Each structure stands twice: as C-alpha cells, then as structure tokens.
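Here's a quick tour of a protein model, written for someone who likes to have the coordinates open while reading. Have a look at the fold, then read on.

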Amino acid sequence: MNIPVSIIVALVVQQLCQIIKFVIYSIRDRRINFHYLTSSGGMPSAHSAFVTALCVSVGVRSGIGSEGFAVAAVLAFIVIHDAFRVRGALQDVIHILKADHPQEDHAAAKLPETVGHNSREIIAGIVIAVIITLPVSTLLK
C-alpha cells in the first residue's frame, strides 16, 4: 500500500508543530508537560500547519489547477476558520456566563487557555508549514 507523499509531509509538519508547542510551553511553564504533545490549541496551530502542509504539498505535486488541490484548499480554509472561531465562541460563552451570574464558579471559566487559536498561533502554523513543505514537496516531486 502506497501512502501519498502529501499525507506523510502533512503528518510530519503537524508532529513538528506539536513538538514546537511542547518546547514553547515547557519553557514558559518551567517544567516538562507532555500534555502539550497532544493538546489542541496553543502556539503554533498544528491544525493550521497540518492542512496548510497538505494543501501546499498537493499544489506542488499535482498543480494548483488540480482537483486534489481544490479539495485540500477548501479543507484548509474550513479547518483554519473553525480553529479561529472556536476560541472566540468559547470566550463569548464565558463572558455571558460571568455577566449573568458573577458570583458563581463556572466550569466554563476554567477551560484551558489552549482551546482554539488566536490569529498569531494560526499564522505561525501556516508559516511553519509553508517553510517546511515547499522545499520538501519540491524535492520529493
């Protein structure tokens, strides 16, 4: 069974972003926390990197006029948009709950900070993906 190169490249980029996230948050927290190797959210966005790497690799290998590139691009836009909107929606819910019941201890207020992504985290994931994927996919073409 042959696994497409574009999938392998995307998976490698995604895992590299998880490792970068693990290193960043371990340094920030001054302790090793393996949770960040599998967590969603945070810097950089591994979701954005994953779909961007897939999109770029398919574009390099099959051409930006291919049906595969069109599918990968649509998928990337949906995933990146949703990754960004999740954080905003959760923050809105927390603000509403706190405003309606300021004295109560809300479970929503205790959500981890690495839920969803802000624009910097998404851009970092996209940039990392492009920097790694373009030369690798070109070499493996």
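Helices here are DSSP runs of H or I with at least four residues, strands are runs of E with at least two, and both are numbered from the N terminus. What we have is a predicted model, where local features need pLDDT of at least 70 and side-chain atom pairs count only at pLDDT 80 or more, while totals for chains, interfaces and linings use all residues. Residues are numbered from 1 along each chain as its sequence is written, and side-chain values use heavy atoms, with hydrogens and water left out.

First, the overall picture. The protein has four helices and zero strands, so going by the DSSP definition the order from the N terminus reads α-α-α-α. Of its 141 residues, 37% are buried (under 20% relative accessible area; exposed is over 50%, partly exposed in between, with a 1.4 Å probe and protein chains only). Contacts are heavy atoms within 4.5 Å. Among those joining residues at least 6 apart in sequence, 69% link residues at least 24 apart. The accessible surface (Shrake-Rupley, 1.4 Å probe; for residues, only the protein chains shown count as cover) comes to about 8600 Å², and 68% of that belongs to carbon and sulfur atoms.

Now for helix α1, which spans residues 5-29 and includes F22.

| Residue | Relative accessibility | Class |
|---|---|---|
| I8 | 42% | partly exposed |
| F22 | 15% | buried |
| S26 | 10% | buried |
| R28 | 40% | partly exposed |
| D29 | 25% | partly exposed |

What does F22 touch beyond its neighbours within four places in sequence? The list is I32, N33, F34, Y36 and L37. F22 and F34 are twelve residues apart along the chain, and their C-alpha atoms are separated by 6.9 Å.

How many salt bridges does the structure hold? There is one, a salt bridge being a side-chain nitrogen of Lys or Arg within 4 Å of a carboxyl oxygen of Asp or Glu. The side chains of R28 and D29 form it, at 2.8 Å from N to O.

Finally, I8 belongs to a nonpolar surface patch of about 960 Å², along with M1, I3, I7, L11, V12, L16, I19, V23 and I27. Patches take residues with over 30% relative accessible area and no salt bridge, joining like charges within 9 Å and nonpolar side chains (Val, Leu, Ile, Met, Phe, Trp, Tyr) within 5 Å.
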